[in-house]
Amino acid sequence: MKLYLIHVGYYDPEIIGSIYEQHTNFFVVAENVKEAKNKARQNSTYKEKRMHIDGILELNVINGYRIKLIEDDSTDDTVIYGYDD
């Protein structure tokens, strides 16, 4: 399994009448880029906002550290830091 960053674009009518394209990113774990695209397109927000994929980044090594994915059934232990943290 590999980690992919999916960069998506969309036009949101609630933001300045949809005149400017908005962008966001989300992560997908998949066997390959084709599966990553398919998983991204199944995301409920992706569907709701009628997003499109602008780019996909396969993440393997960051700052000299190899990413190794390990399956884990535990709950989400994400830590969110603010600007001043």
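User: In which sense do strand 1 and strand 3 pair, and over how many bridges?

Analyst: Strand 1 and strand 3 (residues 52–59) pair in the antiparallel sense over 7 bridges. Strands (E, at least two residues) and helices (H or I, at least four) are DSSP runs, numbered from the N terminus, and two strands pair if DSSP finds at least two bridges between them. This is a predicted model, in which local features need pLDDT of at least 70, side-chain atom pairs count only at pLDDT 80 or more, and totals for chains, interfaces and linings use all residues. Residues are numbered from 1 along each chain as its sequence is written, and side-chain values use heavy atoms, with hydrogens and water left out.

User: Which residue in strand 3 is the bridge partner of I6?

Analyst: The partner of I6 there is I56.

User: What about strand 1 and strand 2: how many bridges?

Analyst: Strand 1 (residues 2–10) pairs with strand 2 (residues 22–30) over 9 bridges, in the antiparallel sense. Within strand 2, H23 is the bridge partner of G9.

User: Let us look at L5. What is it in contact with, leaving aside neighbours within four places in sequence?

Analyst: L5 belongs to strand 1. With those neighbours set aside, L5 is in contact (heavy atoms within 4.5 Å) with N25, F26, F27, G55, I56, L57 and L59. L5 and L59 are 54 residues apart along the chain, and their C-alpha atoms are separated by 7.2 Å.

User: And H7: what is its relative accessible area?

Analyst: H7, also placed in strand 1, has a relative accessible area of 27%. That value makes H7 partly exposed, because buried means under 20%, exposed means over 50%, and partly exposed is in between (1.4 Å probe, protein chains only). Beyond its neighbours within four places in sequence, H7 is in contact with H23, T24, N25, H52, I53, D54 and G55. From H7 to I67, the C-alpha distance is 19 Å, and the two are 60 residues apart in sequence.

User: Changing topic, which residues form the largest nonpolar core?

Analyst: The largest nonpolar core has 11 residues: Y4, I6, V8, Y10, F26, V28, A30, A36, A40, Y46 and M51. Strand 1, strand 2 and helix 1 (33–42) each supply at least two residues of this core, and strand 1 gives the most, with 4 residues. Such a core is a set of buried Ala, Val, Leu, Ile, Met, Phe, Trp, Tyr and Cys residues joined through side-chain atoms within 4.5 Å.

User: Why might such residues be buried together?

Analyst: In soluble globular proteins, nonpolar side chains tend to be buried together.

User: What does M51 touch, apart from neighbours within four places in sequence?

Analyst: M51 is in contact with V8, G9, Y10, T24, T45 and Y46, with those neighbours left aside.

User: Now the backbone. What is the phi of R50?

Analyst: R50 has a positive phi of about 55 degrees, although it is not a glycine. Most residues other than glycine have a negative phi. R50 is placed in the loop between helix 2 (44–48) and strand 3, and it is exposed, with a relative accessible area of 74%.

User: Where does S18 lie?

Analyst: S18 lies in the loop between strand 1 and strand 2. Its phi is near 70 degrees, a positive value in a residue other than glycine. S18 is partly exposed, with a relative accessible area of 22%.
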